[in-house]
Amino acid sequence: MASAPPPYYWLRKLRSYFVLNDRDLDGVISREDFVDYPVNRAKTFLGETKAKDLEILLSQGWTDFIGGDNQTATFDAIIGKFARTFTDPNFSEVNTKMAELMFTAVDINNDNMVTLEEYTRVLECFGVHPLSVKPSFEALDANKDGLISKEEFIDAALQYFQCTCESPGALFWGPLRA
Ligand SMILES: [Ca+2]
Ligand SMILES: [Ca+2]
């Protein structure tokens with residue numbers, strides 16, 4: 001079966017996600033890059049409980065979306081995993097579950113809403129500069145009430161990993177980097 005090359009804008013988001021996570025710029029994402037770096041920062045920025053939530057989420061993410069059983073993942077390997085969005089009807093469901101888990105980690109005070117401060121602290125765990133967070137927050141806040149609801153958060157995550165054209169969710173992980 002012939003398959004079309006992945007759409008440019010979708011690839012650009014995946015490239016940005018890769019660049020964000022390749023902490024030591026060696027061209028592969030290791031488990032240390034993907035799990036240990038943000039979890040260690042989360043202990044400072046989010047506290048031990050949310051750092052643990054994040055560790056569970058990212059370990060699951062590593063297995064399902066990034067490295068699988070391997071210790072490192074190349075960009076092509078990751079593209080292969082995320083390209084399931086074009087072939088696997090259950091991909092949305094898996095992605096939604098991950099986004100729900102992430103919302104739990106992001107909602108630091110557990111009031112079911114994410115504030116700019118919470119989102120800033122979480123993205124800082126991933127190495128996004130605080131000054132870069134506000135445009136993302138505003139993009140994700142679809143109803144413009146100054147808060148990100150669980151639904152808005154999940155929508156944006158699905159847009160990031162599944163939309164092939166430009167959408168507000170492209171800023172889910174901060175500004176595009178590639
Ligand atoms: Ca909150
Ligand atoms: Ca909102």
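A nonpolar core is a set of buried Ala, Val, Leu, Ile, Met, Phe, Trp, Tyr and Cys residues joined through C-beta atoms within 7 Å, where a residue is called buried if 20 or more other C-beta atoms lie within 10 Å of its own, exposed if 12 or fewer, and partly exposed in between, with C-beta atoms placed from the backbone. The structure described here is a predicted model, in which local features need pLDDT of at least 70 and side-chain atom pairs count only at pLDDT 80 or more, while totals for chains, interfaces and linings use all residues. Residues are numbered from 1 along each chain as its sequence is written, and chains are lettered from A and ligands numbered from 1 in the order in which they are written.

The chain as a whole comes first. Read from the N terminus on, the elements follow the order α-β-α-α-β-α-α-β-α-α-β-α. The C-alpha atoms fill a box of roughly 50 × 35 × 30 Å along the principal axes. A compact globule of 178 residues would have a radius of gyration near 16 Å, and the 15 Å of the chain agrees with this; the radius is taken over C-alpha atoms, and the globule rule is 2.2 Å times the number of residues to the power 0.38. Buried residues make up 35% of the 178 residues. Two residues are in contact if their C-beta atoms, placed from the backbone, lie within 7 Å, and among contacts between residues at least 6 apart in sequence, 60% join residues at least 24 apart.

The largest nonpolar core holds 43 residues, of which Tyr 119, Phe 153 and Ala 157 touch the most other members. At least two residues of this core come from each of helices H1 (8-21), H2 (31-45), H3 (48-66), H4 (75-82), H5 (91-106), H6 (116-125), H7 (133-140) and H8 (150-162). Helix H8 gives the most, with six residues.

Within this picture, Ala 157 is in contact with Asn 95, Ala 99, Met 102, Gly 169 and Phe 172, once its neighbours within four places in sequence are left aside. Leu 158, which is found in helix H8, counts as buried with 20 C-beta neighbours inside 10 Å, and it touches Ser 92, Asn 95, Thr 96 and Ala 99, not counting residues up to four places away in sequence. Glu 152 is also found in helix H8 and is buried, with 21 other C-beta atoms within 10 Å; leaving aside its neighbours within four places in sequence, Glu 152 is in contact with Leu 140, Asp 141 and Ala 142.

Helix H5 has 16 residues and reaches 22 Å from its first C-alpha to its last, close to the 22 Å expected at 1.5 Å a residue, the expected span being 1.5 Å times one less than the number of residues. Its buried residues are Asn 95, Ala 99, Met 102, Phe 103, Ala 105 and Val 106. Seen down the helix axis, they fall within an arc of 155°, so they line one face of H5; the arc is that of the directions from the helix axis to the C-beta atoms. What covers these buried residues includes H3, strand S3, H6 and H8.

Helix H6 is largely enclosed by the rest of the structure, because seven of its 10 residues are buried. These are Glu 118, Tyr 119, Arg 121, Val 122, Leu 123, Glu 124 and Cys 125, and their cover includes H2, H5, strand S3 (113-114), H7 and strand S4 (148-149). After H6 comes Gly 127, whose phi is positive, near 85°.

Two loop residues also deserve a look. Most residues other than glycine have a negative phi. Leu 25, in the loop between H1 and strand S1 (29-30), has a positive phi near 55° and counts as exposed, with 7 C-beta neighbours inside 10 Å. Lys 144, in the loop between H7 and S4, has a positive phi of about 55° although it is not a glycine, and Lys 144 is exposed, with 7 other C-beta atoms within 10 Å.

Finally, an unreviewed UniProt entry places the feature "domain: EF-hand" at residues 94-129 and 137-163; positions are given in the numbering used here, feature names are shortened, and annotations may be inferred rather than shown by experiment. Residues 94-129 are 64% helix and 6% strand, with end C-alpha atoms 29 Å apart, whereas residues 137-163 are 63% helix and 7% strand, with end C-alpha atoms 19 Å apart.

Key. Helices (H or I, at least four residues) and strands (E, at least two) are DSSP runs, numbered from the N terminus.
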